[in-house]
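Please open the model in a viewer and keep the selection tool at hand.

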Amino acid sequence: MSGASDHRNVDPTPFEVGITTFAETYPEVGVDTVRGHGQRLREVVEEAEVADRVGLDVYGVGEHHRADFAASAPAVVLAAIAARTSRIRLTSAVTVLSSDDPVRVYQDFATLDQLSSGRAEIIAGRGSFTESFPLFGYRLEDYDELFAEKLDLLVAIANSDRVTWSGRHRPALADQAVHPRAQQDPLPVWVGVGGNPQSVVRAASYGLPVALAIIGGEPARFAPFGDLYRRALDEFGKPRTPLAVHAHGYVGESDDAAADEFFDPYRTAMSHIGRERGWPPIGRGQFDAARSPQGSLVLGSPDTVAEKIVSMSRLMGLDRFMLHISVGTLPHEKVLRSIEFLGTEVAPRVRAAMAETSGSRRG
């Protein structure tokens with residue numbers, strides 16, 4: 001298996017705050033029509049423009065192959081964003097690597113990296129939906145093996161412009177050049193993890209950063225993943241690399257206003273997915289429990305959201321936090337306002353608090 005020594009010098013400071021989206025196209029509450037994919041993608045570009053303008057650090061676009069999500073090609077969407085922004089980092093969230101070709105993934109994001117003057121990243125994951133497997137001719141029985149094998153190849157490509165590699169699910173490469181090369185050397189590759197300890201250990205074996213997705217339950221239950229990651233890095237002889245969390249939430253003018261504005265879109269989205277997966281409908285009581293200090297939703301006024309991000313980050317030893325606002329399709333103007341709150345009011349508080357935490361640890 002190939003190594004990833006070039007990834008070991010990632011500097012986890014300063015603390016980063018960002019946004020993720022899946023370009024959802026669920027109907028707005030009280031509106032009969034659904035946004036078209038073109039309209040939704042143009043809104044995503046505008047969201048990223050605002051995130052860049054208000055000083056957020058990263059914007060991520062997820063990959064899905066369903067009618068209720070507009071972004072099946074994150075690198076294309078991020079390239080459009082690159083042309084309209086100047087500083088924000090651009091990442092997939094996630095690239096479903098198991099059903100894609102690592103050579104093409106690298107080329108797409110290396111091209112994005114060159115277009116954006118070195119702002120591209122890949123978060124590679126197995127994905128929580130499976131539509132891409134039959135679409136691209138892969139068997140679900142190979143779910144785990146496909147990801148492990150393809151991550152190995154992606155890391156090898158990121159670390160060298162000539163690759164010799166062989167596996168079971170893709171033709172071998174013999175001293176093959178892969179171009180274009182990214183401006184960043186190497187192109188940053190993260191591993192997205194939902195709740196699989198083996199994925200955390202696999203990422204650590206390569207010295208790759210990890211992004212944990214928290215979409216339910218108590219964040220405290222995910223703290224062992226951070227501990228496992230750091231222990232595994234030590235055991236594999238890899239220096240510290242960043243750990244991030246992606247979580248659902250929303251920033252409003254007050255706690256009550258944020259909850260009232262977010263509840264119906266959130267319930268619409270989660271109930272839609274829940275019907276496919278056998279989840280019960282979400283009621284207001286369950287929602288309010290999730291937005292409590294111990295819950296998974298990062299939701300409320302700027303002060304409340306900042307406090308919760310800091311609490312989660314200290315608990316888990318995080319270096320980056322990414323808020324997923326458009327879980328259900330909120331009105332576009334409310335998403336933009338929430339992003340402004342996150343960038344202008346929440347992020348400065350979080351960075352200052354986490355800088356103090358880092359300073360006290362060094363001391």
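Begin by selecting V61: its bridge partner in β3 is S92. Strands here are DSSP runs of E with at least two residues, and helices are runs of H or I with at least four residues, each numbered from the N terminus. The model is predicted, so local features need pLDDT of at least 70 and side-chain atom pairs count only at pLDDT 80 or more, while totals for chains, interfaces and linings use all residues. Residues are numbered from 1 along each chain as its sequence is written, and side-chain values use heavy atoms, leaving out hydrogens and water.

Between β2 and β3 the chain passes through helix α2 (residues 74-82) in a right-handed β-α-β crossover, meaning that the path from the first strand over the helix to the second runs clockwise with the strands pointing away from the viewer.

Now display the side chains of β2 (residues 58-61): V58 and G60 point one way, Y59 and V61 the other, and all are buried (under 20% relative accessible area; exposed is over 50%, partly exposed in between; 1.4 Å probe, protein chains only).

Next select β1 (residues 16-21), which pairs with β2 in the parallel sense over four bridges. Here I19 stands opposite Y59.

**Strand β9**

Move to β9 (residues 210-214), where four of the five residues are buried.

Notes: Pairing = 2+ DSSP bridges.
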